[in-house]
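Work through the exercises below with the model open. Each task is followed by a solution in steps.

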Amino acid sequence: MANQDHTEEKKKMTLKEAGRKGGQATSKKHNKEFYEQIGRKGGEATAQKHNSEFYKEIGRKGGKATSEKHDKQFYENIGRKGGEARASQRNEKHTSV
């Protein structure tokens, strides 16, 4: 009987493992458009429930967390990439007119 209990314990999976397996199974069934659609629906539902203060607060928290994880070099790199992308957009706009 004790042996059977030990086998039952081995069969149990953690919540993390179950989530990973479920995510893998779902990703096999659905394509990129599926995820875009549910993301859009979730964003729309969130926007209906919350005001601009909600978004300001989560932006502040995200910015603080990011700044604690990264140094000055990180911000210089993303700033440079953003500037280059913006310049590229401006150049494309002027050459296509």
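**Exercise 1. Salt bridges**

Task: How many salt bridges does a search of the whole structure find?

Solution. The search gives 4 salt bridges, where a salt bridge is a side-chain nitrogen of Lys or Arg within 4 Å of a carboxyl oxygen of Asp or Glu. Side chains of opposite charge can pair when their charged atoms come close. The model is predicted: local features need pLDDT of at least 70, side-chain atom pairs count only at pLDDT 80 or more, and totals for chains, interfaces and linings use all residues. Residues are numbered from 1 along each chain as its sequence is written, and side-chain values use heavy atoms, with hydrogens and water left out.

**Exercise 2. Pairs along helix α4**

Task: Which residue forms a salt bridge with K56, and which with R60?

Solution. 
- Step 1. K56 pairs with E53, with 3.3 Å between the closest N and O atoms.
- Step 2. K56 and E53 are 3 residues apart in helix α4, so about one helical turn separates them. Helices here are DSSP runs (H or I, at least four residues), while strands are E runs of at least two, numbered from the N terminus.
- Step 3. K56 is exposed at 53% relative accessible area, whereas E53 is partly exposed at 47%. The cut-offs are under 20% relative accessible area for buried and over 50% for exposed, with partly exposed in between (1.4 Å probe, protein chains only).
- Step 4. R60 pairs with E57, the closest N and O atoms lying 2.8 Å apart. Both are in helix α4, 3 residues apart, again about one turn.
- Step 5. R60 is partly exposed at 46%, and E57 is partly exposed at 33%.

**Exercise 3. The start and span of α4**

Task: What does a side-chain oxygen of N51 reach at the start of α4? What span does α4 have from its first C-alpha to its last?

Solution. 
- Step 1. The N51 oxygen comes to within 3.0 Å of the backbone nitrogen of E53. E53 is also the salt-bridge partner of K56.
- Step 2. Helix α4 covers residues 52-69, which is 18 residues.
- Step 3. Its span is 26 Å, close to the 26 Å expected at 1.5 Å a residue; the expected value is 1.5 Å times one less than the number of residues.

**Exercise 4. A pair in α5**

Task: Where do E76 and K72 lie, and how many residues apart are they?

Solution. 
- Step 1. Both belong to helix α5 (residues 72-96), 4 residues apart, or about one helical turn.
- Step 2. K72 is exposed at 63%, while E76 is partly exposed at 34%.

**Exercise 5. Aromatic pairs**

Task: How many aromatic pairs does the structure hold? Why is the pair of F34 and Y35 described as edge-to-face?

Solution. 
- Step 1. There are 3 aromatic pairs. Rings of Phe, Tyr and Trp (its six-membered ring) pair if their centres lie within 6.5 Å; planes under 30 degrees apart are stacked, over 60 edge-to-face, and the rest tilted.
- Step 2. The F34 and Y35 centres are 5.1 Å apart and the planes stand at 80°, so the pair is edge-to-face.
- Step 3. F54 and Y55 also form an edge-to-face pair, at 5.1 Å centre to centre and 85° between the planes.
- Step 4. F34 is partly exposed at 24%, as is Y35 at 35%. F54 is partly exposed at 27% and Y55 at 36%.

Terms used
Polar contact = N/O pair within 3.5 Å; in protein donor to acceptor, adjacent residues only side chain to side chain.
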